[in-house]
Amino acid sequence: MKIIPQSPTYDQPLIEVVNVSKRFRLQREYQRSFQDLFIRLWKRQRSEVEYFWPLRDISLQIYPGDSIGILGQNGSGKSTLLKVITGVLPPTSGYVCTNGRIASLLELGAGFHPDLTGRENVFLNGSIYGMDRATIRRKLDQIIEFAELGDFIDTPVKHYSSGMYVRLGFSVAIHTSPDVLIIDEVLTVGDQIFQQKCLQRIYEMKAAGVAIVLVSHNLEDIRRLCDRAIWLQNGLVRADGPANDIVDDYLAYTNELYYARRRAEQAATTTKTQEDPTPSEQRRWGTHQAEIIRVELCNEQGKAVDQFQQGATLCVRIYYKCHERILRPTFGLAIYRQDGTHVNGPNSVDEGYHIEAIEDYGMMEYRIDSLPLNPGRYELTVAIYNRNSTIAIDHHHRMYPFEVLQPRGRAEEGVVHIPATWRHVSSIEPALTTEIL
Ligand SMILES: Nc1ncnc2c1ncn2[C@@H]1O[C@H](COP(=O)(O)OP(=O)(O)OP(=O)(O)O)[C@@H](O)[C@H]1O
């Protein structure tokens, strides 16, 4: 790696990655038994070596004030790229020029000595970052205060919890007055309150012109913190552009993969059900006096789809076949977010829709005129129960996936978007209010 020791200027990149490739050696041991080993030695066979390229011909430039998110699936090469940028790993070919001070939040506290106290490690770690003793001494109180270690600062770090360790590592890194902050999923570190504090500090540093390079699976963090995003796939740059656009494209791609897998699973379940009359035990249960034979999620035009825009119509059609006449049934459904959050669970009877009886074939429709769900993946449960909802006749648990799409340019957190309006009043009479803070 080439390091050019100059102070950064705005027309000069802080980091320049030029045609970088990285090769790892994969060593496979095929001998499984003493006999195999003996045969290999006798035949003078060497264990087979394979090479593998987690990064291929990557070039990028990072300028002062840039904020770049790096995203991609597991194993796509994100962490390897950060390690090459920070000099933890040498590139196999190509080179990296760095120009300015880099604070790496990759392996926080990795340079700590376990027998030294937190305070002593601040000096040790600070000097690894290139700070002189006088500067460290000047910043010591701020570092200790940010890490919130209290009296533990004079305890050897081997007695720290992993959270305390990381807090101190984070605090030292951000107090090094860096030009570039390199972050690998660090926002998942520590407790919720500390995470918020770290995020706030990262925002402040960004606002002060510190360049940010963030690897994260949390795409909302990338949207919020980064102006530009780079999508890595199999060690190659698949896309590079405005963060919102790249996150949208990446989400569309991963959703397509997800639905393809779900469709394959469902096809396998259907085949299994045909071969084996026992229904899928975990996802479906009930007396089966009536059976749900088809479920459609339809759009405004009545077309069965599995993607819906927020605010659009979603109409669920539950087709059933009765093996006997069923008096006063209850139709129910429930929406779950993919992480298991239960969003709602209405049923026909509670909502005052009474059916005297069902028999033969029929269809029940549940219509949402304006879908309030925030973008994400969801799963739908549908069911037929008896009158009091105490006996399941046919319950299909979270069997129907669908996706709510992100309206361009809006990224709200939480499960639902509640339509509402904002109103600002620029000046009010002091007499109309009472200060409570
Ligand atoms: N030291 C190593 N030796 C061999 N292979 C490695 C080594 N380090 C990483 N790899 C492999 O290189 C590939 C890229 O790994 P990397 O950690 O960069 O991916 P990533 O995109 O950060 O993944 P994740 O999202 O899971 O963190 C993976 O297949 C990984 O198994």
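I began by sorting the shell around the ligand by class, and I counted 3 nonpolar, 8 polar and 1 charged residues; here Ala, Val, Leu, Ile, Met, Phe, Trp, Tyr, Cys and Pro count as nonpolar, Asp, Glu, Lys and Arg as charged, and the others, Gly among them, as polar. I kept in mind that this is a predicted model, in which local features need pLDDT of at least 70 and side-chain atom pairs count only at pLDDT 80 or more, while totals for chains, interfaces and linings use all residues. Residues are numbered from 1 along each chain as its sequence is written, and side-chain values use heavy atoms, with hydrogens and water left out.

**Ligand**

I then listed the residues that surround the ligand, which are F24, F52, P54, Q73, N74, G75, S76, G77, K78, S79, T80 and H217; a residue is taken as near when one of its heavy atoms lies within 4 Å. For polar contacts (pairs of N or O atoms within 3.5 Å; within protein, one must be able to donate a hydrogen and the other to accept it, and residues adjacent in sequence count only if both atoms are side-chain atoms), I noted a backbone N or O atom of G75 at 2.8 Å from an oxygen atom of the ligand. A backbone N or O atom of S76 lies 3.1 Å from a ligand oxygen, and a polar side-chain atom of H217 lies 2.7 Å from an oxygen atom of the ligand. On its own the ligand has 640 Å² of accessible area, and the protein covers 60% of this (Shrake-Rupley method with a 1.4 Å probe; for residues, only the protein chains shown count as cover).

**Helix α2**

Which element gives the largest share of the shell around the ligand? I found that it is α2, with 3 residues; helices (H or I, at least four residues) and strands (E, at least two) are DSSP runs numbered from the N terminus. Because 6 of its 8 residues are buried, α2 is largely enclosed by the rest of the structure, where buried means under 20% relative accessible area, exposed over 50%, and partly exposed in between (1.4 Å probe, protein chains only). The buried residues of α2 are K78, T80, L81, L82, V84 and I85. Just after α2, I saw that G87 takes a positive phi of about 85 degrees.

**A buried lysine**

I looked up K22 in strand β2 (residues 15-28), and at 9% relative accessibility K22 counts as buried. Its side chain reaches the backbone oxygen of P90 at 2.7 Å.

**Salt bridges**

My search of the whole structure gave 18 salt bridges, each being a side-chain nitrogen of Lys or Arg within 4 Å of a carboxyl oxygen of Asp or Glu. In one of them D221 pairs with R224, with the closest N and O atoms 3.2 Å apart. Because they are 3 residues apart in helix α7 (residues 219-225), D221 and R224 are separated by about one helical turn. D221 is buried at 9% relative accessibility, whereas R224 is partly exposed at 39%. I also noted that R294 and E296 meet in a salt bridge (2.8 Å, N to O), with R294 partly exposed at 45% relative accessibility and E296 buried at 16%.

**Phi of E148**

Phi of E148 is near 55 degrees, a positive value in a residue other than glycine. I placed E148 in the loop between α4 (133-147) and α5 (162-174), where E148 is partly exposed at 43% relative accessibility.
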